[in-house]
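Biologist: I'd like to learn how to read side-chain features in a model. Could you walk me through some of them?

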Amino acid sequence: MINVHGTITYIDDHGNHVGTQTVTGHQDDKVHVSLNVPTGYHLVDGKLHAGIDFDLRRDGVNMDVIVVTETKVVSRIINVQNPLTGKVESHKQEAKITRMGVKTKDQTKWGNWSTAKLDGFDAPVFNGYTAKVNHVDELTINQPQDKPVVVTIEYTKNSEKPVEVTETE
């Protein structure tokens, strides 16, 4: 069997070369390679640490591995139906989640999404009215959304009980 080597070149998502890794094996072998990601970069998911497959068809085979980042904005809209004005007051909360991946010619292996938290929200107080929901809990998001989470806070008018007047002599 003929010993051959190849090189994995790490490239960031801006096209900059950030490191290399040499792979050795026998000609025509498919070698499973554990990735040695350059300093300052990291893999965030166990399946990425499992590595990639590298075909050593001939000596001097090269493969570019691009360390990529994907970012998504997640959001929640809290609509407060103001009972005094009849208008809806919208409060939009946003946060970003990201994930890193490793892209080769044949595949992209993605890590898990980061976690974002949207703050809790207390319903405004309107004299003479009671909110159906007094508090919207903090929301933890770790997956992209197709559309924002929407929460509506409505109010009911407090009942007015007649005051009984008792005369005393």
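Modeller: Happy to! Start with Arg 99, which lies over the face of Trp 110, at 4.3 Å from the ring centre. A charge sits over a ring if NZ of Lys or CZ of Arg is within 6 Å of the ring centre and within 35 degrees of the ring normal. Keep in mind that this is a predicted model: local features need pLDDT of at least 70, side-chain atom pairs count only at pLDDT 80 or more, and totals for chains, interfaces and linings use all residues. Residues are numbered from 1 along each chain as its sequence is written, and side-chain values use heavy atoms, with hydrogens and water left out.

Biologist: Which side chain does Arg 99 meet in a salt bridge?

Modeller: First, the general idea: side chains of opposite charge can pair when their charged atoms come close. A salt bridge is a side-chain nitrogen of Lys or Arg within 4 Å of a carboxyl oxygen of Asp or Glu. Here Arg 99 meets Glu 70, at 2.8 Å from N to O. Arg 99 is in strand E6 (residues 88–103) and Glu 70 in strand E5 (residues 61–81), so the bridge ties together parts 29 residues apart in sequence. Strands (E, at least two residues) are DSSP runs, numbered from the N terminus.

Biologist: How many salt bridges does the structure hold?

Modeller: Five. One of them joins Glu 154 and Lys 132, at 3.5 Å from N to O. Both residues lie in loops, Glu 154 between strand E13 (149–153) and E14, Lys 132 between E10 and E11, so this pair ties together parts 22 residues apart in sequence. Salt bridges that share partners also join Glu 70, Lys 72 and Arg 99 into one network.

Biologist: Is Lys 132 buried or exposed?

Modeller: Buried means under 20% relative accessible area, exposed over 50%, and partly exposed in between (1.4 Å probe, protein chains only). Lys 132 counts as exposed at 54%, while Glu 154 is partly exposed at 33%.

Biologist: How many aromatic pairs does the structure hold?

Modeller: Rings of Phe, Tyr and Trp (its six-membered ring) pair if their centres lie within 6.5 Å; planes under 30 degrees apart count as stacked, over 60 as edge-to-face and the rest as tilted. There is one such pair here. The ring centres of Phe 126 and Tyr 155 are 5.0 Å apart and their planes are at 85°, so the pair is edge-to-face. Phe 126 is buried, at 11% relative accessible area, and Tyr 155 is buried at 13%.

Conventions:
Helices (H or I, at least four residues) and strands (E, at least two) are DSSP runs, numbered from the N terminus.
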